[in-house]
Amino acid sequence: DGLALIGDPDMGFENLRQFGPTLVHHTQLKIRSGINNNNFMLVDSPGMIDSPMSSSGMGGTNGSELMDRGYDFAGVVRWFAERADV
């Protein structure tokens, strides 16, 4: 699903490959019918809902563990924000 979305040059997400395979595999495309605007795309920022994993492999932190989503979360959010209309 993520590979097809990021691999389709018409969708405009091909530059997300720079953030690595973990992001690509977490990326999903969902199409909703009945929306009357053809030029509208809503993006749920990757990792906003998912809790990051600590370096010990468990979600959550005691304040000293490194939190990791497996990709540059801040960079991905920045990438989307630079392209957002709102």
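A: A polar contact is a pair of N or O atoms within 3.5 Å, where within protein one must be able to donate a hydrogen and the other to accept it. Keep in mind that this is a predicted model.

Q: Which backbone oxygen lies 3.1 Å from a polar atom of the side chain of Gln18?
A: That of Asn15: its backbone oxygen lies 3.1 Å from a polar atom in the Gln18 side chain.

Q: Where is Gln18, and is it buried or exposed?
A: Gln18 sits in the loop between helix H1 (2-7) and helix H2 (21-26). Its relative accessible area is 57%, so Gln18 is exposed.

Q: Back up to the fold. How many helices and strands does the protein have?
A: Three helices and two strands. Along the sequence the pattern reads α-α-β-β-α.

Q: And how much of the protein is buried?
A: The protein has 86 residues, and 22% of them count as buried.

Q: What about the accessible surface?
A: The accessible surface of the protein comes to about 6600 Å², with 51% of that belonging to carbon and sulfur atoms.

Q: What share of the contacts join residues at least 24 apart?
A: Taking contacts between residues at least 6 apart in sequence, 46% join residues at least 24 apart.

Q: Let's take the start of the chain. Where is Asp1, and what does it touch?
A: Asp1 lies in the segment before H1. Leaving out residues up to four places away in sequence, Asp1 touches Thr27, Gln28 and Leu29. The C-alpha atoms of Asp1 and Thr27 are separated by 7.2 Å, and the two are 26 residues apart along the chain.

Q: Buried or exposed, for Asp1?
A: Exposed, because its relative accessibility is 56% and the cut-off for exposed is over 50%.

Q: And Gly2, buried or exposed?
A: Gly2 is in helix H1. Gly2 counts as buried because its relative accessible area is 5%. Beyond its neighbours within four places in sequence, Gly2 is in contact with Val24 and Thr27. Between Gly2 and Gln28 the C-alpha separation is 5.2 Å, across 26 residues of chain.

Q: Thr27 keeps coming up. Where does it lie, and what is it in contact with?
A: Thr27 lies in the loop between H2 and E1. Apart from neighbours within four places in sequence, the contacts of Thr27 are Asp1, Gly2, Leu5 and Ile6.

Q: Why does Thr27 count as buried?
A: Because its relative accessible area is 11%, and buried means under 20%.

Q: Switching to H3. Which residues are buried there?
A: In helix H3 (residues 73-83) the buried ones are Gly75, Val76, Trp79 and Phe80. They cover an arc of only 135° around the axis, which means they are on the same side of H3.

Q: Why would residues with gaps between them end up pointing the same way?
A: An α-helix has 3.6 residues a turn, so residues three or four places apart point the same way.

Q: What do the buried residues of H3 pack against?
A: They pack against H2.

Q: And which exposed residues are on the face turned away from the buried side?
A: Ala81 and Glu82 are the exposed residues on that face of H3.

Q: Give me more on Phe80. How far is it from Phe13 in space?
A: Phe80 and Phe13 are 9.5 Å apart, C-alpha to C-alpha, and 67 residues apart in sequence. Phe80 has a relative accessible area of 15%, so it is buried.

Q: Now charges. How many salt bridges are there?
A: The count comes to one salt bridge. Glu82 forms a salt bridge with Arg83, and the closest N and O atoms are 3.6 Å apart.

Q: Are those two partners exposed or partly exposed?
A: Glu82 counts as exposed because its relative accessibility is 58%. Arg83 is at 43%, so it counts as partly exposed.

Q: Last topic. Which residues form a nonpolar patch on the surface?
A: Ile35, Phe40 and Leu42, with about 360 Å² of accessible area together. Of these, Phe40 is found in the loop between H2 and strand E1 (53-54).

Methods:
Residues numbered from 1 in each chain as written. Predicted model: local features only at pLDDT ≥ 70, side-chain atom pairs only at ≥ 80, totals over all residues. Heavy atoms only, no water. Helix = DSSP H or I, 4+ residues; strand = E, 2+ residues; numbered from the N terminus. Buried < 20%, exposed > 50% of the residue type's maximum accessible area, 1.4 Å probe, protein only. Contact = heavy atoms within 4.5 Å. Areas by Shrake-Rupley, 256 points an atom, 1.4 Å probe, with all protein chains shown as cover. Patch = residues over 30% accessible without salt bridge, like charges linked within 9 Å, V, L, I, M, F, W, Y side chains within 5 Å. Salt bridge = Lys/Arg side-chain N within 4 Å of Asp/Glu carboxyl O. Arc of directions from axis to C-beta.
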